[in-house]
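This report describes a predicted model.

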Number of protein chains: 2
Amino acid sequence: MPTAAPEKRKAQIRRHATALFQDRGFAATSMRDLAAALGVEAASLYSHISSKQELLAEICFRLAEDFFTAFDAAEAHATSPTDALRRFIGGHVRVLTTDSAAAQVFLAEWRHLEEPRLAEFTARRDAYETRLRALLRRGADAGAFRFPANDERFAALWLLSSLNWLPMWYRANGKLDPAEIAERLFTTLLQGLSV
Amino acid sequence: MPTAAPEKRKAQIRRHATALFQDRGFAATSMRDLAAALGVEAASLYSHISSKQELLAEICFRLAEDFFTAFDAAEAHATSPTDALRRFIGGHVRVLTTDSAAAQVFLAEWRHLEEPRLAEFTARRDAYETRLRALLRRGADAGAFRFPANDERFAALWLLSSLNWLPMWYRANGKLDPAEIAERLFTTLLQGLSV
DNA sequence: TAAATTTGCTAACGACTGTTAGGGAACCGA
DNA sequence: TCGGTTCCCTAACAGTCGTTAGCAAATTTA
């Protein structure tokens with residue numbers, strides 16, 4: 001059986017690559033840096049991976065998958081537009097915090113993907129945004145949400161902006177756990193800062 | 001008089017560097033790329049600048065200065081905590097949109113600064129954040145704002161997150177002008193999405 | 001024990017990196 | 001017409017880049 005869990009070493013490489021891409025950036029991380037983190041020569045990596053690009057693509061597309069899966073679950077269980085939004089935020093925050101290094105790579109380094117993957121990726125991102133806009137529109141039509149100029153595109157961008165900065169300051173083992181963060185964000189996003 | 005406006009060519013270089021750093025990233029932009037954008041050989045740049053690092057530092061610190069200046073003006077004219085917040089958002093958005101390429105470099109590429117400038121930069125950023133926290137705290141104490149768990153640190157991070165994504169989608173000559181964007185953000189941030 | 005798989009090595013490739021040295025045109029105000 | 005300034009060139013440096021070739025030891029499987 002040649003297909004018995006052949007992912008162990010490769011998973012280690014991906015983990016270290018994620019950490020390095022996150023804190024130095026993809027372009028500023030060399031394969032020799034990555035190899036050194038693993039205690040190995042650069043050429044040795046190529047027994048396990050095919051290219052630096054492949055590493056980046058795997059990290060980015062894995063996260064994209066997670067975001068969509070979370071969105072599916074949120075909408076499947078939602079009982080109202082407000083509940084759908086709460087579940088969406090909870091899922092989005094959970095994905096952002098489960099592997100915050102990978103999330104930062106997903107958010108900041110995707111532009112170093114090469115074609116045709118770059119186009120695939122941006123299409124995927126656009127689809128996610130469109131889906132969120134639709135959720136917001138339904139809520140507005142049902143009288144649950146309102147936003148300036150009745151512009152759900154603006155609201156969707158603003159909402160994602162609010163959430164996507166999170167992995168930059170989130171620390172696992174910090175005072176706030178992901179569920180609590182999501183709850184605070186949900187409250188603030190819905191009610192705003194005014195008393 | 002040898003000091004008569006000696007900044008022209010250098011300003012061109014900085015402008016092109018800003019554009020390239022923004023769309024490829026600092027590390028992925030070579031001096032030969034920059035030279036090509038100016039129709040010149042790479043070595044020729046060094047008659048005008050001293051290093052690639054210097055270019056990045058100038059872009060980042062110039063923006064930092066602009067943000068502080070805007071904050072000063074906002075607080076100088078404010079008549080209430082709510083008015084201070086509105087002016088703060090207006091100023092922050094104006095800086096973000098006046099040169100959105102530079103703003104993106106400021107927000108995303110500062111980590112490629114080398115010591116000791118990196119430490120200077122992060123100290124500057126922390127000071128800005130601290131100042132915003134103080135503004136929010138005063139507003140909360142005056143009964144103008146509220147935020148979850150009475151945590152102004154959380155609120156400040158969330159607020160900056162909401163604003164700082166803007167240069168990624170803002171387009172000069174788009175439908176919305178900066179003042180209108182700032183007004184919408186102010187409204188949404190204060191009132192939230194709920195009806 | 002034998003075969004297969006996994007893991008790693010050294011050596012090297014061609015290309016690209018930021019930067020310096022040293023020189024030469026073109027334009028400037030006096 | 002002069003000295004100074006601005007601007008750009010070719011050539012080259014020492015180092016780094018991602019990646020391939022070819023080989024060997026260790027580990028796992030049969």
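## Surface near DNA strand D

DNA strand D has 20 residues around it, and those that come nearest are A:Ser30, A:Ala43, A:Ser51, B:Glu41 and B:Ala43. At least two residues of the surface near DNA strand D are supplied by each of H2 and helix H3 (52-77) of chain A and helix H1 (8-24) of chain B. The class division for DNA strand D is 10 nonpolar, 5 polar and 5 charged residues.

## Relation between the protein chains

Chain B is superposed on chain A by a rotation of 180 degrees with 0.0 Å of shift along its axis, at an RMSD of 0.0 Å. The two copies are therefore related as by a two-fold rotation axis.

## Contact between chains A and B

The contact takes 32 residues from chain B and 32 residues from chain A. On the side of chain B that touches chain A, the elements giving two or more residues are helix H7 (152-164) and helix H9 (178-191) of chain B. The residues on that side of chain B comprise 19 nonpolar, 11 polar and 2 charged.

Of the interface residues of chain B, 100% are also interface residues in chain A, so the copies meet through the same surface.

## Packing of H1 and H2 in chain A

Two packed helices are described by the angle between their axes and the distance between the axes. For helix H1 (residues 8-24) of chain A and helix H2 (residues 31-38) of chain A, the angle is about 120 degrees and the axes are 10 Å apart. H1(A) and H2(A) are therefore oblique to each other, and their crossing is right-handed.

H1(A) makes this contact through A:Gln12, A:Ile13, A:His16, A:Ala17 and A:Leu20, and H2(A) through A:Asp33, A:Leu34, A:Ala37 and A:Leu38. By class, the contact of H1(A) with H2(A) has 6 nonpolar, 2 polar and 1 charged residues.

Technical notes
Residues numbered from 1 in each chain as written. Chains lettered and ligands numbered in written order. Predicted model: local features only at pLDDT ≥ 70, side-chain atom pairs only at ≥ 80, totals over all residues. Contact = placed C-beta atoms within 7 Å. Helix = DSSP H or I, 4+ residues; strand = E, 2+ residues; numbered from the N terminus. Nonpolar A, V, L, I, M, F, W, Y, C, P; charged D, E, K, R; others polar. Axes fitted to C-alpha atoms, helices over the stretch in contact; angles between N-to-C directions. Parallel < 35°, antiparallel > 145°, perpendicular 65-115°, else oblique. Left-handed = near helix turned anticlockwise from the far one by under 90°. Near = placed C-beta within 6 Å. Least-squares fit on C-alpha atoms with pLDDT ≥ 70 in both.
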